[in-house]
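Please examine the structure shown below, and then follow the explanation of how its parts are arranged.

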Amino acid sequence: MTEFILLDKQKAEKAIEILESSYRNVKYYLNFNGPLQLLVAAILSAQTKDTVVNELTPELFKKYRTVKDFSEADPQKLLSYVKRVSFAENKVKHIISCCKIISEKYGGKIPNKMDELLSLPGVGRKTANTILINAFNIVEGIPVDTWVIKLSYRIGLSKSNKPDEIENDLKGIVNKKYWKNFAYVLKEHGHRICQSTKPKCEICPIKDLCPKNGV
Ligand code: SF4
């Protein structure tokens, strides 16, 4: 196995600039209206395709409109709306528990602080960052999903496979003005060019900078 090559800061910044300018119009991929819908959609999306979540949320959000609706939901009934997502039963439990806590502890309002979001069942740092950025426009960090993990390694931005360490590595390299969309830029690059099994390095805009770790 070849040795991992970490990109030096100057090259990393250049690669990030090129990627950012290549995918200027990317945006968050789950459909939602307000913090509650984003919280629910983000919990449902773990290890599930965004398209599946986007297909089922319109009906779900027609039936369940408030924190109270979710906190008092009958688990089997709620499950019938979301059964196509992976780990649906667990996610239903998390959504109901989250909304109970939000009702009791936060007066029915989705919290907008990292530590408060992290205290909710089913909410990890990726989801908390996603909610802060997309529902509250608060940019504290970079959401780290599977695309960020894979591409950060290939491009030589982080050697780690642990999301928290990757986020810290990225925060040291990526200009803060790009944090908000960085995960969505990498996801788009992964879909279009740096694909999982067969990355198209020959047409990649950062091919002269990227060390192509593990490719
Ligand atoms: S497609 Fe190849 S050159 Fe481009 S980012 Fe992926 S591994 Fe690097």
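This is a predicted model: local features need pLDDT of at least 70, side-chain atom pairs count only at pLDDT 80 or more; totals for chains, interfaces and linings use all residues.

The next topic is the interface. Here, eleven residues of domain 1 are in contact with seven residues of domain 2. The size of an interface is often given as the accessible area lost when the parts come together. For domain 1 and domain 2, the area buried between them is about 650 Å², and 50% of it lies on carbon and sulfur atoms. Two salt bridges are counted between these domains. Glu167 and Arg125 form a salt bridge in which the closest N and O atoms are 2.6 Å apart.

We turn now to the ligand. The space that the ligand takes is the largest cavity. Among the residues that surround the ligand are His189, Pro199, Lys207 and Lys212, together with the cysteines Cys194, Cys201, Cys204 and Cys210. Ile155, Ile193, Ile206 and Val215 also belong to these surroundings. Sorted by class, the shell around the ligand contains nine nonpolar residues, one polar residue and two charged residues.

Key
Residues are numbered from 1 along each chain as its sequence is written. Side-chain values use heavy atoms; hydrogens and water are left out. A residue is near a molecule or strand if one of its heavy atoms lies within 4 Å of it. On a 1 Å grid over the protein atoms alone, a cavity is a set of points where a 1.4 Å probe fits but cannot get out, and a pocket is an open set with protein on both sides within 12 Å along at least five of seven lines; lining residues have an atom within 4 Å of a point. A molecule sits in a cavity or pocket if more than half of its atoms lie within 2 Å of its grid points. Ala, Val, Leu, Ile, Met, Phe, Trp, Tyr, Cys and Pro count as nonpolar, Asp, Glu, Lys and Arg as charged, and the others, Gly among them, as polar. Contact means heavy atoms within 4.5 Å. Buried area is the accessible area (1.4 Å probe) that two parts lose on being put together, summed over both. A salt bridge is a side-chain nitrogen of Lys or Arg within 4 Å of a carboxyl oxygen of Asp or Glu.
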